[in-house]
Amino acid sequence: MEYARYDSPTSHALEEVIGGLEGGQATVFASGMAAANAAMDLIPMGAVVVAPSTAYTGVALRLRELDGVGRIQLRVVDVDDTTTVVAACSGAQMLWLESPTNPLMQVADLPTCIRAAHANGALALVDNTFATPILQRPLSQGADIIMHSVTKALSGHSDLLLGALVSTDDAITEQIRTRRVLLGALPSAFDCYLALRGIRTLALRVDRAQTNAKVVTALLSEHAAVSKVRYPGFGTMAAIEIAQGADAADVVCANTKLWAYATSLGGVESLLERRRRWPLESETVPPDLIRLSFGIENADDLWLDLSQALNLVLPN
Ligand SMILES: *Cc1c(COP(=O)(O)O)cnc(C)c1O
């Protein structure tokens, strides 16, 4: 270690663990957005970037900003519309995927989309924050770069900010490492230590939270206050839409006791949030949509709490 901005023994230890989970070489960053920005720095000037129409808000805003100043040319697609994604890859230099997407829970056909990117000489990046490497390993499906907000499920306790990029390509990893040094985006050793502690229980937490998600979303689809359940059948994230509209969704969020009304996701505590309460959230997100992040509590407790809040807004 020559200088504290370059790396630390603890950041190395965390990189070994995340790299091992994803099957590549990891580089950790001070946040998921710092990792995203480093990856965006790899895009050639003026290049065409194919990205999800609805994605993590910070990533979507940043890509739109880069498009606005002419740094990139953005093509947005619904990632679950494989034919459109494949067609959009023509002439592109980067395919930026999220799957499942935040918060619409759209799932991409990763191997087909990545093949289309490669057929055009484009790099394929997958934000694997929602699925985690326990449930999805996009490097094994051909992706060039994996992005993580380690802040979320990998750390698992909603008490730090951290990001990561993972690649199997030495040249890409070298560029990523240089970006981190020059952007000054190394995470603190203490946050790396906390993330290492959190990752020890990742498999157990994902297993329990996924079971909770399956049990509770099945019950939610039978509840009269819920007009739509968005759950891809795997993972710890879901979204519901409320029959009586956005104001009713706010009533639901304000009346749970076990579920906390909060942003963020992937922690041991279950969280819910009406996403459109944020003015910057994409208008493609329905106003009455509530995002659910399942934690590791008891499934019956989660259902009882959520269903009593939903009972307050039953259609007449
Ligand atoms: C939270 C999140 C990010 C951004 O990560 P930060 O650690 O908050 O900077 C990016 N992508 C997804 C899918 C996220 O959930």
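The model is predicted: local features need pLDDT of at least 70, side-chain atom pairs pLDDT 80 or more, while totals for chains, interfaces and linings use all residues. Residues are numbered from 1 along each chain as its sequence is written, and side-chain values use heavy atoms, without hydrogens and water.

Glu281 lies in the loop between β11 and β12 (strands are DSSP E runs of at least two residues, helices H or I runs of at least four, numbered from the N terminus). Glu281 is buried, with a relative accessible area of 4% (buried means under 20%, 1.4 Å probe, protein chains only). Beyond four places in sequence, Glu281 is in contact (heavy atoms within 4.5 Å) with Thr57, Pro103, Arg275 and Arg276.

Five strands form an open, mixed sheet in the order β8-β9-β12-β11-β10 (pairing requires at least two DSSP bridges). The edge strands are β8 (226-230) and β10 (260-261). β10 and β11 (271-274) pair in the parallel sense over 2 bridges. Tyr261 has Leu272 of β11 as its bridge partner.

A second open sheet, also mixed, holds 7 strands in the order β1-β7-β6-β5-β4-β2-β3. β1 (25-29) and β3 (72-77) each have a single partner strand, so one side of each lacks a neighbour in the sheet. β4 (94-98) and β5 (123-127) pair in the parallel sense over 5 bridges. Leu95 stands opposite Ala124 in β5.

Key
Buried means under 20% relative accessible area, exposed over 50%, partly exposed in between (1.4 Å probe, protein chains only).
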